[in-house]
Amino acid sequence: MNIFITGSDGFIGTHITKHLRKENNLYGIDLKNDNNLGSTTIADVRDKKFFDLVPKDIDLIINLAAVHREPGHSRNEYFDTNITGADNVCEFAERVNCKRIIFTSSISPYGVCESTKDEKTKPCPNPIWRV
C-alpha cells in the first residue's frame, strides 16, 4: 500500500510510521525532517507545492499536520495550518483519486463542552483563537 503522511515527523507520526513501514511504501511531509520516515520531504501543508512532491498513486492519506495551541504560535498560524492545510490535503486526495483519509485532531475545533462530537458537529472554536 502507498501511504502519504502529513506531519510524519511529529509525535503521532513518529509512532505510526514504525508500525506501517514494514509492509507499506510510506511518503511523508513535515516542516522538519528528523529522519524518522526516511522519505520525509520538508514541505508545508499550507503550500500546495507539496502536490508535486508526492507520488500520485496514493492508497491512503494520514493527515497529522497541525499547529497546537501552545505558546509560540500565532492565532493565524493555528487556523491556517489546521484549516487551510486540511483543505489542501483534501484537494490533493481528490487530484490523485485517493478515497481514504485518516485525520486526527484535538477536539479544540469544537470548543469547550462535554457533549459527544462527530463529523456533523459544527466547528465552534474557543473565541480566544478566532482570527
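This report describes the fold of a predicted model, one of its helices and one of its cysteines.

## Basis of the model

Local features are given only where pLDDT is at least 70 and side-chain atom pairs only at pLDDT 80 or more, while totals for chains, interfaces and linings use all residues. Residues are numbered from 1 along each chain as its sequence is written, and side-chain values use heavy atoms, with hydrogens and water left out.

## Overall fold

The chain has two helices and five strands, taken as DSSP runs (H or I, at least four residues, for helices; E, at least two, for strands) and numbered from the N terminus. Along the sequence these elements follow the pattern β-α-β-β-β-α-β.

Of the 131 residues, 38% count as buried, a term that means under 20% relative accessible area with a 1.4 Å probe and protein chains only, whereas exposed means over 50%. Among contacts (heavy atoms within 4.5 Å) with a separation of 6 or more, 54% are between residues 24 or more positions apart.

## Helix H1

In helix H1, which spans residues 11-20, Gly13, Thr17 and Leu20 are buried. These residues lie on the same side of H1 because they cover an arc of only 65° around the axis, judged by the directions from the helix axis to the C-beta atoms. The buried residues of H1 pack against strands E1 (2-6), E2 (25-30) and E4 (60-63), whereas the face turned away from the buried side carries the exposed residues Phe11 and His19.

## Cys98

Cys98 lies in the loop between helix H2 (75-95) and strand E5 (101-103), and it counts as buried because its relative accessibility is 7%. Leaving aside residues up to four places away in sequence, Cys98 touches Ile58, Asp59, Leu60, Ile61 and Ala93. Ile58 is 40 residues from Cys98 along the chain, yet their C-alpha atoms are separated by 6.1 Å.
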